[in-house]
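User: I am new to this structure and would like to learn how to read its features one at a time. Could you take me through them slowly?

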Amino acid sequence: MSVATPALPVRAERLWAALLAATLMNLPLGSVYAFSVLLRPIEQELAIPRSALSLVFAWRRWGSRWARSAPPSCIAQAPAPILVLLSALAAAAGIATAAAASGLAQLLVGYGIVFGTGGGVAYIRCSRA
């Protein structure tokens with residue numbers, strides 16, 4: 001016969017922190033697929049063909065995948081709040097670089113690599129917390 005462990009007490013402030021963290025994480029993660037809404041304006045503004053813009057999105061997926069495949073020991077070294085803050089700053093820097101882009105190279109670096117990697121690290125750390 002197994003002995004049931006008592007349920008851990010749930011602190012209300014911890015629930016609000018989790019809700020806030022989940023909401024904040026969904027903002028950048030939700031913006032990933034909003035990229036398709038911006039394709040036409042980016043094409044027109046920067047005179048970049050749609051095929052090149054699909055490369056930007058593919059690099060974003062690669063950056064996120066690369067961050068998610070990092071060894072768990074690397075991600076577990078930093079405390080979750082610090083890692084998520086650094087990831088958010090990296091993602092914000094990537095979006096800022098992409099927003100100021102004047103060509104394909106800046107889009108690839110900003111949105112593709114920096115934003116993708118920052119979002120991937122935050123996602124994997126929060127899912128393992």
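**Reading the chain, step by step**

Analyst: The secondary structure of this chain, which is a predicted model, amounts to six helices and zero strands. Followed along the sequence, the pattern reads α-α-α-α-α-α.

User: How many residues does the chain have, and what percentage of them count as buried?

Analyst: A residue is called buried when its relative accessible area is under 20% and exposed when it is over 50%, with partly exposed in between. The chain has 129 residues, and 28% of them count as buried. Its accessible surface comes to about 8500 Å², and carbon and sulfur atoms account for 70% of that surface.

User: What share of the contacts between residues at least 6 apart in sequence join residues at least 24 apart?

Analyst: The idea is to ask how far along the sequence the two partners of a contact lie from one another. In this chain, among contacts between residues at least 6 apart in sequence, 72% join residues at least 24 apart. L85 counts as partly exposed because its relative accessibility is 49%.

User: Which residues have the most contacts inside the largest nonpolar core?

Analyst: A nonpolar core is built from buried residues of nonpolar kinds joined through their side-chain atoms. The largest one here has 15 residues, and those with the most contacts inside it are F35, L53, V56, L107 and Y111. At least two residues of this core come from each of helix 2 (39-46), helix 3 (50-68), helix 5 and helix 6 (104-128), and helix 6 gives the largest share, four residues. If neighbours within four places in sequence are left aside, L107 is in contact with I42, L46, I48, L53, V56, A98, A101 and G112.

User: Why do the buried residues of helix 3 line one face of the helix?

Analyst: An α-helix has 3.6 residues a turn, so residues three or four places apart point the same way. In helix 3 the buried residues are A52, L53, V56, R60, G63, S64 and A67. Seen down the axis of helix 3, these buried residues fall within an arc of 140°, and so they line one face. The face turned away from that buried side carries the exposed residues S51, W62, R65 and W66. The length of helix 3 can be checked too: at 1.5 Å a residue its 19 residues should span 27 Å, and this agrees with its end C-alpha atoms, which are 27 Å apart.

User: Which residues is T117 in contact with, leaving aside its neighbours within four places in sequence?

Analyst: T117 is found in helix 6, and with those neighbours left aside it is in contact with G63, S64, W66 and A67. T117 counts as buried because its relative accessibility is 18%. A polar atom of the T117 side chain lies 2.7 Å from the backbone oxygen of I113.

User: Is I113 buried or partly exposed?

Analyst: I113, also in helix 6, counts as partly exposed because its relative accessibility is 31%. Not counting residues up to four places away in sequence, I113 touches W59 and L108.

How values were computed:
Residues numbered from 1 in each chain as written. Predicted model: local features only at pLDDT ≥ 70, side-chain atom pairs only at ≥ 80, totals over all residues. Heavy atoms only, no water. Buried < 20%, exposed > 50% of the residue type's maximum accessible area, 1.4 Å probe, protein only. Contact = heavy atoms within 4.5 Å. Areas by Shrake-Rupley, 256 points an atom, 1.4 Å probe, with all protein chains shown as cover. Core = buried A, V, L, I, M, F, W, Y, C linked by side-chain atoms within 4.5 Å. Polar contact = N/O pair within 3.5 Å; in protein donor to acceptor, adjacent residues only side chain to side chain. Expected span 1.5 Å × (residues − 1). Arc of directions from axis to C-beta.
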